Amino acid sequence: MNQLPSLDELIDASHVVSLPMNVQFRGVRHREAMLLEGPAGWGEFSPFLEYGPVEAAAWLRSAIEAAWEGYPDPVRHTVPVNATLPAVGPEKVAGVLASYDAAHTVKVKVAEKGQDLAQDIARVAEVRRLLPGAAIRIDANAGWSHDEAMAGLEALAGFGLQYAEQPVAGIEGLARVREEVARRGLGVLIAADESVRKESDPLAVARAGAADLIVIKAQPLGGVRRALAVVRDAGLPAVVSSALDTSIGLRQGAALAAALPELPYACGLATGSLFSTDITTDRFLAVNGELHLREIVADPDLVRRHGVDPERRSWWNQRLADCHRELLRKSD
């Protein structure tokens with residue numbers, strides 16, 4: 001959009017909530033988010049708490065786009081989605097997967113701190129046992145070293161992995177792993193996620209031959225329109241994922257997936273089932289393994305019920321101010 005709303009406008013339009021999770025995910029048991037109600041609808045600003053203003057500003061731009069500008073026209077009205085399995089023990093796998101409707105694709109978290117490869121293998125093996133026909137992808141969140149990644153991929157390739165997401169940190173690290181995977185004939189595609197955080201990153205990933213596909217999120221890339229430009233310029237297949245969003249944020253991701261010219265893979269946008277509750281009475285959850293595009297509106301009673309205390313509200317207001325200042329600086 002040409003002109004940013006003022007800080008006062010944003011504060012007046014904002015609500016801060018804390019939602020409980022069914023299971024711990026990325027070390028999070030309660031997810032905090034700032035919701036913005038604008039003339040075009042609702043937007044979500046929910047960078048993880050450790051992110052500073054420079055990184056978090058793109059998340060604010062995405063929320064403003066959703067609430068003040070709206071979304072581009074879709075080319076599809078349903079989006080296939082994967083189930084996401086946190087780094088739980090095999091005895092809990094069935095319970096987590098049961099919360100997903102018609103799981104045809106499962107993303108399994110691996111390389112969790114404090115766990116080992118044997119636990120990863122047990123988790124993936126249990127998914128394959130329960131869902132013999134499902135597509136399985138793993139996500140290490142850059143948690144492996146090169147040697148650990150190669151050992152992990154050697155051990156897990158036999159389960160028929162669709163791809164491995166960010167097995168190691170950095171573009172050079174990904175390129176090295178991808179080259180070694182090809183040399184060993186493991187047949188596992190490599191996806192870049194954490195390496196795709198700035199608009200220039202996907203281009204560097206493509207030039208370095210570091211990945212077969214990229215995983216993108218609407219919030220970290222600054223909104224749907226900016227993310228679409230990133231995919232176009234990168235020239236790689238894209239998977240749209242969420243950043244552990246409420247139904248409002250998931251709708252932003254679905255708008256991105258719905259506007260992509262091609263959508264070859266199921267998207268990581270079914271994470272709403274990881275929450276114990278949400279901010280809408282009609283939660284944005286998959287039906288028959290798909291999300292169906294529709295308007296998502298926050299429920300005032302749920303927003304009040306899950307509102308944060310004044311101290312956390314003040315913290316988020318300051319964060320909003322810092323990110324708004326960063327956006328103004330970038331627009332100068």
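Student: Are helix 8 and helix 9 roughly parallel or oblique to each other?

Tutor: This is a predicted model, in which local features need pLDDT of at least 70, side-chain atom pairs count only at pLDDT 80 or more, and totals for chains, interfaces and linings use all residues. Residues are numbered from 1 along each chain as its sequence is written, and side-chain values use heavy atoms, with hydrogens and water left out. Helix 8 (residues 224–234) packs on helix 9 (residues 247–259) at about 40°, with the axes 10 Å apart; axes are lines fitted to C-alpha atoms, for helices over the stretch in contact, and angles run from 0 to 180 degrees between N-to-C directions. Angles under 35 degrees count as roughly parallel, over 145 as roughly antiparallel, 65 to 115 as roughly perpendicular and the rest as oblique, so helix 8 and helix 9 are oblique.

Student: How many residues of the contact of helix 8 with helix 9 are nonpolar?

Tutor: Helix 8 contributes V224, A227 and L228, and helix 9 contributes Q252, A255, L256 and A259, where contact means heavy atoms within 4.5 Å. Ala, Val, Leu, Ile, Met, Phe, Trp, Tyr, Cys and Pro count as nonpolar, Asp, Glu, Lys and Arg as charged, and the others, Gly among them, as polar. In this contact no residue is charged, one is polar, and the nonpolar ones number six.

Student: Are helix 4 and helix 5 roughly parallel or oblique to each other?

Tutor: Helix 4 covers residues 117–130 and helix 5 covers residues 146–156; their axes lie 10 Å apart. The angle between helix 4 and helix 5 is about 30°. Helix 4 and helix 5 are therefore roughly parallel.

Student: Which residues of helix 5 meet helix 4?

Tutor: On the helix 4 side the residues are L117, D120, I121 and V124. The contact of helix 4 with helix 5 holds six nonpolar residues, one polar and one charged. From helix 5 come A151, G152, A155 and L156.

Student: How many charged residues are in the contact of helix 5 with helix 6?

Tutor: The axes of helix 5 and helix 6 (residues 171–184) come within 11 Å and cross at roughly 40°, which makes helix 5 oblique to helix 6. H146, A149, M150, L153 and E154 of helix 5 meet R176, V177, E180, V181 and R184 of helix 6. Five of the contact residues are nonpolar and one is polar, while the charged ones number four.

Student: What is the radius of gyration of the protein chain?

Tutor: The rule for a globule is 2.2 Å times the number of residues to the power 0.38, and the radius is taken over C-alpha atoms. For 332 residues, a compact globule would have a value near 20 Å. The protein chain agrees with that, at 19 Å.

Methods. Helix = DSSP H or I, 4+ residues; strand = E, 2+ residues; numbered from the N terminus.
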